[in-house]
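Subject: Structure for you to look over

Dear colleague,

I am passing on the structure below, together with some notes on what turned up when I went through it. Please read them with the coordinates open beside you.

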Amino acid sequence: MTDALDLVVGNLHLLMALGALTFLWFVGWRGYHLDLFRQRLFAIRQELFDLAARGEVEFNGYAYGGLRQQINALIRFAHRLSFLRAAIIVTFSPPKPQGAAHSFESWQQSVAALDPAVRDRLRAIHLEVVFQMARYIVMTSPLLLIPLGIAWCVINLVVGAHRLRGFIARQATCLHALELLEEEAEVIEMEAA
Amino acid sequence: VSSKLSVRQLELQYRFKLRVLDVAGSIIQTAIRSGTWVGVAYLLTTAVGRLAGKFTFADIGVRLLGDFRISEALAYVLAIGSGGWAWKERNAKRNTIDRLSRRIEQLEQQLDPGRTSSKLTRRGTTRPEDVL
């Protein structure tokens, strides 16, 4: 009878742990990164708007409108973005038809016609959007987060160890130089005596 | 005109295929989530079924609390604390979005009155119709 109770209590413990893990993952970690991603996209969109407000790019041009539309779509559907969906779409999506409207190529063409400084700024904003999207996908996918997290820790440990070795070697060189200086000073003192 | 039409048709086909892939992704994700909850429900019903008529809730409650180790309790406290911190941070992020969107909305009305609606909520939250 107590075996049955033990089993049930064990199951209940497992359920509670799973519940806590689900809460932490979906409400805590994933939810936090969703809001962080959206906040960063809003900040990027504001940067883009400021560029147009200063008159550096036209509000009606596709260079501004296309990028703004892309950012808005990402903010709106950020909750749907995941590694699984991205992997499915990247793997199975057909090639985009040539000459299609509102494509990345047409955005690039409209950006290429702008002043070089503005062009670079817009490309940097686009790159930042892509980087934030990739970051969000990695941070909300356990499949990517765990191996990349381990790789990040290993790289940091190796880099840290390399820096520490360099620091110790520099200190040792300094100590050796000091010893030589002290020896030289002793010789001078002895000669003077 | 015909070439333009065919490009448009190809574009629509392309969009349709993308939508199908998106829906497929959504179904797989929902299946994984639902499967997890089905597993949890199975564990729960097994537990309840084994104890039907043998033990009271008080027996189970006492045993459950008695089985708690300090390390486990600390883990739960840490989990709840982290969840609470994340919730607070999420609210802070939404307040920032609210501030940013209000500013941009005012300026856009002055500088770019012809713009269309972005269909975003003011606090950057998911609209109920966009959930799935």
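Leaving aside residues up to four places away in sequence, which residues does Val57(A) touch? In this predicted model, Val57(A) is in contact with Leu51(A), Ala52(A), Ala63(A), Tyr64(A), Leu114(A), Val118(A) and Leu122(A), once residues up to four places away in sequence are not counted.

Val57(A) belongs to the largest nonpolar core, which has 32 residues, and it is listed with Leu41(A), Ile71(A) and Leu122(A) as having the most contacts inside that core. At least two residues of this core come from each of α1 (2-53), α2 (62-76), α4 (104-112) and α5 (116-139) of chain A, and likewise from α3 (70-111) of chain B. The most is given by α1(A), which supplies 9 residues. There is also a second, separate core of 7 residues, among them Leu5(A), Val8(A) and Val9(A) together with Ile60(B).

Turning to one pair of helices, α2(A) and α4(A) pack with their axes 8 Å apart and at an angle of about 140°, which means that α2(A) is oblique to α4(A). Their crossing is left-handed. On the α2(A) side the residues that meet α4(A) are Tyr62(A), Ala63(A), Gly66(A) and Leu67(A), and their counterparts in α4(A) are Ser106(A), Trp107(A), Ser110(A) and Val111(A). Taken by class, the residues of this contact comprise 5 nonpolar and 3 polar, with no charged residue. Ala63(A), which takes part in this helix contact, is also one of the residues touched by Val57(A).

With best wishes

Methods:
Residues numbered from 1 in each chain as written. Chains lettered and ligands numbered in written order. Predicted model: local features only at pLDDT ≥ 70, side-chain atom pairs only at ≥ 80, totals over all residues. Heavy atoms only, no water. Core = buried A, V, L, I, M, F, W, Y, C linked by side-chain atoms within 4.5 Å. Buried < 20%, exposed > 50% of the residue type's maximum accessible area, 1.4 Å probe, protein only. Helix = DSSP H or I, 4+ residues; strand = E, 2+ residues; numbered from the N terminus. Contact = heavy atoms within 4.5 Å. Axes fitted to C-alpha atoms, helices over the stretch in contact; angles between N-to-C directions. Parallel < 35°, antiparallel > 145°, perpendicular 65-115°, else oblique. Left-handed = near helix turned anticlockwise from the far one by under 90°. Nonpolar A, V, L, I, M, F, W, Y, C, P; charged D, E, K, R; others polar.
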